[in-house]
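Student: I would like to learn how to read pockets and aromatic pairs in a model. Can we go through one together?

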Amino acid sequence: MKQILQAERARNFPQALNLSRKLTERYPRSVTAFSLRGLLAWRLRQFGEASSSFHTATSIQPQAWLPHFGLALVDAGQGHYASAIPHLQRVTELQPKAGVAYYALSDCALRIGRKQESAEYARKAAALAPSSAYMWLQLAKAEKSLGHTEATLNAIAKAAQVSPDNGLMFAVLGFSYINLNRIPQAIPPLQRAARLMPNNYLVQSQLGYCLMSVGQTKAAVGYLSKGASLNSSYGPVWEHLGVAYQKQGRNRDAVSALEKATRLLPSSPLAWRHLAEAYQATGRSAEAQRAAARAQQLGSAAPRANKKKA
């Protein structure tokens with residue numbers, strides 16, 4: 001067993017599987033040995049051997065929950081999510097407090113379109129393991145599939161709460177508020193995300209956008225500038241930076257930022273409109289007219305394109 005664990009830690013899974021085969025030969029009535037062999041075979045996507053090993057383990061000890069969970073892994077690993085559900089339900093019968101089984105049930109149910117069941121399983125998982133961010137994120141996915149906006153946000157907020165050093169969790173919460181146009185509520189989680197992930201261009205850029213939207217222009221410019229420096233090919237950050245410069249009366253800086261925005265986002269009528277305003281403010285009337293005409297052309301073309309697509 002020690003050699004198997006050493007091989008697994010070294011990520012030498014083929015060797016670990018070979019050793020586990022020898023272990024089952026030596027201990028043909030060991031549930032642990034066959035379960036370990038099944039897990040290693042599953043990891044290597046050798047589903048036939050994995051399934052056989054788990055079935056052997058259940059025949060030796062029908063009340064052991066791990067082999068049933070392993071059989072669910074085998075089915076889910078092949079995309080047979082409906083087939084995985086009975087195995088997982090058996091796990092919950094044998095281990096009623098196994099939050100991971102309810103998590104997996106929620107995931108499988110959601111994948112086959114059983115949204116209400118997925119949410120019910122996810123709520124159970126979160127209740128059993130409230131300190132796990134993954135349980136709350138699964139609940140958020142299930143609630144979102146049902147169109148439960150507030151419940152989705154609450155679940156994401158709980159995921160962030162139980163993982164206070166995980167910037168990604170706070171970023172997801174902030175982005176969720178932005179998608180709902182609830183900009184002021186997006187700022188606190190994005191500020192925390194920005195502290196935890198100072199080199200994430202999207203977090204810095206979106207925080208800058210939110211601050212600009214609520215009138216905190218000076219702070220917005222700082223974050224937007226950092227976002228642009230972290231990823232100079234991200235078009236929206238240049239557009240928002242240009243608008244922030246306009247609000248500060250820094251029209252030449254606005255022109256420079258918005259010219260970059262229109263190069264990166266040539267089909268954005270809003271970017272061209274802002275550029276036209278910046279040109280006009282710096283006395284470049286001819287260029288302002290051309291940019292305004294381009295914005296109008298793109299704006300009138302958008303409904304036709306949408307209609308054609310529909």
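Student: Which helix gives the most to the lining of the largest pocket?
Tutor: This is a predicted model. Rolling a probe the size of a water molecule over the atoms shows where empty space is left. Here, α11 gives the most to the lining of the largest pocket: six residues. At least two residues each come from α9 (133-145), α10 (149-161) and α11 (167-179).

Student: What is the volume of the largest pocket?
Tutor: About 370 Å³. Of its 17 lining residues, Lys144, Thr152, Ile156, Val172 and Ser176 are the closest to the centre. By type, the lining has nine nonpolar, six polar and two charged residues.

Student: How many aromatic pairs does the structure hold?
Tutor: A pair of aromatic rings is described by the distance of the centres and the angle of the planes. The structure holds three such pairs. One of them joins tryptophan 65 and phenylalanine 69, edge-to-face, with 6.3 Å centre to centre and 70° between the planes. Both residues lie in helix α5 (residues 65-77), four residues apart, about one turn of the helix.

Student: Why does phenylalanine 69 count as buried?
Tutor: Because its relative accessibility is 13%, and buried means under 20%. Tryptophan 65 is partly exposed, at 31%.

Student: Which pair links distant parts of the chain?
Tutor: Tyrosine 102 in helix α7 (residues 99-111) and tyrosine 121 in helix α8 (residues 115-128), 19 residues apart. This pair is tilted, with 6.4 Å centre to centre and 45° between the planes. Both tyrosine 102 and tyrosine 121 are buried.

Student: What sits over the ring of tyrosine 102?
Tutor: The charged end of lysine 124, 5.8 Å from the ring centre.

Terms used:
Residues are numbered from 1 along each chain as its sequence is written. This is a predicted model: local features need pLDDT of at least 70, side-chain atom pairs count only at pLDDT 80 or more; totals for chains, interfaces and linings use all residues. Side-chain values use heavy atoms; hydrogens and water are left out. Rings of Phe, Tyr and Trp (its six-membered ring) pair if their centres lie within 6.5 Å; planes under 30 degrees apart count as stacked, over 60 as edge-to-face and the rest as tilted. Buried means under 20% relative accessible area, exposed over 50%, partly exposed in between (1.4 Å probe, protein chains only). A charge sits over a ring if NZ of Lys or CZ of Arg is within 6 Å of the ring centre and within 35 degrees of the ring normal. On a 1 Å grid over the protein atoms alone, a cavity is a set of points where a 1.4 Å probe fits but cannot get out, and a pocket is an open set with protein on both sides within 12 Å along at least five of seven lines; lining residues have an atom within 4 Å of a point. Grid points are joined across faces, edges and corners, and a volume is the space filled by probe spheres set on the points. Ala, Val, Leu, Ile, Met, Phe, Trp, Tyr, Cys and Pro count as nonpolar, Asp, Glu, Lys and Arg as charged, and the others, Gly among them, as polar.
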